[in-house]
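Here is my note on the model you sent. Please read the points below with the structure open.

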Amino acid sequence: GTLLNQTGIVNFNNNSSFGSGTITMSATGGALVSEGSSAITIANAVTAATVSLNLVDNAGGVTFSGPWSLGATTPTVSSGGTGVILAISGVISGTGGLTKGLNNGSTLTLSGANTYSGKTTIALGPLGVSSLNKVSGGSASSNLGHPITVANGTISIGATTSAGTLI
């Protein structure tokens, strides 16, 4: 596995850059930056703590297809790069939430049948989804998780000094 426990940049350039183990994020301020121009799919499982991480795509696009485990934490995932494709297609699970942070050119797209039950916040930039879920009696097939309370089912978009977009 790969442990990201410090700030700084980790460059990667192919589908097997992180080996076959779990990628564990445990420090705020890091960035996973793709190199080259070919599409990259990272199939590793990801364990996220309450961190802020910037994911940077390339001209071919980057997809994280492995499952993401939030536990009870709410990481901030930011997107950057060329504006092509930055996607998390693996199922995101846990009782925590997800915050879409800084946008430096790319839309972050969630396309998995996510089951996390915490709140989704779009603090800045666009977040793309293709399915939503209702709070009461909803199925666990929403890209924005499986909220079980009205508070967690409310999507926060933007803030007083920033703009977020749900597309």
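**Notes on the predicted model**

1. Strand β2 (residues 8-12) is joined to β4 by five bridges, and the two strands run parallel. Strands here are DSSP runs (E, at least two residues), helices are DSSP runs of H or I with at least four, and both are numbered from the N terminus. Two strands pair if DSSP finds at least two bridges between them. β4 is also joined to strand β7 (residues 52-56), by four bridges and again in parallel.

2. Residues are numbered from 1 along each chain as its sequence is written, and side-chain values use heavy atoms, with hydrogens and water left out.

3. For the whole protein, the count is one helix and 18 strands. Buried residues (under 20% relative accessible area; exposed is over 50%, partly exposed in between; 1.4 Å probe, protein chains only) make up 42% of the 167 residues. The protein exposes about 7000 Å², of which carbon and sulfur atoms supply 55%; accessible areas come from the Shrake-Rupley method with a 1.4 Å probe, and for residues only the protein chains shown count as cover. Taking contacts (heavy atoms within 4.5 Å) between residues at least 6 apart in sequence, 45% join residues at least 24 apart.

4. Strand β4 (residues 30-34) is mostly covered, with five of its five residues buried. G30, L32 and S34 point one way from β4, A31 and V33 point the other way, and all are buried.

5. F12 is found in strand β2. F12 counts as buried because its relative accessibility is 2%. F12 and S34 lie 22 residues apart in sequence, yet their C-alpha atoms are 5.0 Å apart in space. Leaving aside residues up to four places away in sequence, F12 touches S17, F18, L32, V33, S34, E35, I40, I42, V62 and F64.

6. How many aromatic pairs does the ring rule give? The count comes to two. F12 and F18 form a tilted pair, 5.3 Å centre to centre with 50° between the planes. F64 and W68 form an edge-to-face pair, 6.0 Å centre to centre with 85° between the planes. The rule takes rings of Phe, Tyr and Trp (its six-membered ring) whose centres lie within 6.5 Å; planes under 30 degrees apart count as stacked, over 60 as edge-to-face and the rest as tilted. F18 is buried, with a relative accessible area of 7%, and both F64 and W68 are buried.

7. Which residues touch the most other members of the largest nonpolar core? They are F64 and W68, in a core of 28 residues. At least two residues of this core come from each of β3 (23-25), β5, β6, β7, β8 (62-64), β11 (86-88) and β14. A nonpolar core is a set of buried Ala, Val, Leu, Ile, Met, Phe, Trp, Tyr and Cys residues joined through side-chain atoms within 4.5 Å. Not counting residues up to four places away in sequence, F64 touches F12, L32, I42, L55, L86, A87, I88, S89 and G90.

8. L108 sits in strand β14 (residues 108-110). Is L108 buried or exposed? At 1% relative accessibility, L108 counts as buried. L108 and A87 are 21 residues apart in sequence and 5.7 Å apart in space, C-alpha to C-alpha. Beyond residues up to four places away in sequence, the contacts of L108 include V77, L86, I88, K100 and P126.

9. N44 lies in the loop between β5 (40-42) and β6 (46-48). N44 counts as buried, at 4% relative accessibility. Its side chain reaches two backbone oxygens: that of F18 at 3.4 Å and that of G19 at 3.1 Å. The cut-off for a polar contact is a pair of N or O atoms within 3.5 Å; within protein, one must be able to donate a hydrogen and the other to accept it, and residues adjacent in sequence count only if both atoms are side-chain atoms. Residues up to four places away in sequence aside, N44 touches F18, G19, S20, G21, I23, G66 and P67.

Definitions and conventions. Predicted model: local features only at pLDDT ≥ 70, side-chain atom pairs only at ≥ 80, totals over all residues.
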